[in-house]
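Please look over the sequence and the model before reading on.

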Amino acid sequence: MSDIWLDKECSTWVGALGAGQESNWDICIDHALWGSGSNTAGGVKAGDEFLLWKSGPGRGWLARCVVTSDARRPTKKDPAPWEDDGRDYKWIFGIRVLKQLDTPYNPGSSNGNQNITDIPNVRLGQFPKLDSEQTLAVRSFFGLINPPMTDEDMIFEDLDSAHERALLLRTMDGPLEKQQLINARRGQGLFRSNLEQIENHCRVTGLRSMRHLRASHIKPWRESEDLEKIDGHNGLLLSPHVDHLFDRGWIKFSDEGALIPSPKLEPEVLTSWRIEPPIDPAPFVDRQVDYLEYHREFIFQS
């Protein structure tokens, strides 16, 4: 079923599944019902969006649901089906699960706020209503949209755009040469063709389907000389989530092909994305190593 209901104005709420309450979620699914002890849950309406956060070990975003009925007070004839767990349920409402992740996704946190969503950690257990930006961020974890850009992402995007504008003002032999350099920024054109002659799969996930791999520069496009921009040795074919980590310096590669995570990267990111060091890594050739040394010195977050 398509998410037509997302086009109308609705609210997005977050419920938390406490540590040791995993069996309660099974009851929720069986009864197509959620209950909350928070007074704010009284504002839940049919058609709203409901997102489930799992607390405790293995914490992370677990499920995305649509609300199927307005919040109502539990009664003897219509009780909360978890009465024996010791909690006081003030409100119950119907839900339908749209997607449940096999492994809860945890983007990590810094300074008390969750990364990407910017939701205060303390709020996750208080049945909060999310604003539009927070909602879009959490939806990205369920594959609906790309994650919103961080402040750092926007800085790099602005730098790339400024470099592209300067490139367009330069005098070259012809428009085709400029276009090849600009295409290389997006992992397209001659750069990708050259790269595919050297690399034929993602070195981390093993994926070989070219249409699902990104052509990623090792030395950033904006920092590269013209020939480096289209040099296939200055690139890797990576699965999108691996590309994100490599591009922002959260991981690096040794000359022998070993994957090395940044000490600043939360371990749960690799666990949630099921990223493991290659069992039998392939070493890089000398021309690739030159670019990897740049990445390790200037991009990697050591």
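## Cysteines

The sulfur of C28 lies 8.8 Å from the closest cysteine sulfur, that of C65, which is too far for a bond. The structure holds zero disulfides, a disulfide being a pair of cysteine sulfur atoms within 2.5 Å. C28 counts as buried because its relative accessibility is 2%, and C202 counts as buried at 0%. Buried means under 20% relative accessible area, exposed over 50% and partly exposed in between, with a 1.4 Å probe and protein chains only.

## Basis of the model

The model is predicted: local features need pLDDT of at least 70, side-chain atom pairs count only at pLDDT 80 or more, and totals for chains, interfaces and linings use all residues. Residues are numbered from 1 along each chain as its sequence is written, and side-chain values use heavy atoms, leaving out hydrogens and water.

## Helix 1

Helix 1 spans residues 22–31, and its buried residues are N24, W25 and C28. They cover an arc of only 105° around the axis, so they sit on the same side of helix 1; the arc is taken from the directions from the helix axis to the C-beta atoms. Helices (H or I, at least four residues) and strands (E, at least two) are DSSP runs, numbered from the N terminus.

The buried residues of helix 1 pack against strands including strand 1 (12–17) and strand 5 (91–105), where contact means heavy atoms within 4.5 Å. Just after helix 1, A32 has a positive phi of about 50°.

Six strands form an open sheet in the order 2-5-4-3-1-8, with mixed pairing. Strand 2 and strand 8 (129–130) are at the edges with a single partner strand each, so one side of each has no neighbour in the sheet. Two strands pair if DSSP finds at least two bridges between them.

Strand 2 and strand 5 run antiparallel, joined by four bridges. G35 has I92 in strand 5 as its bridge partner.
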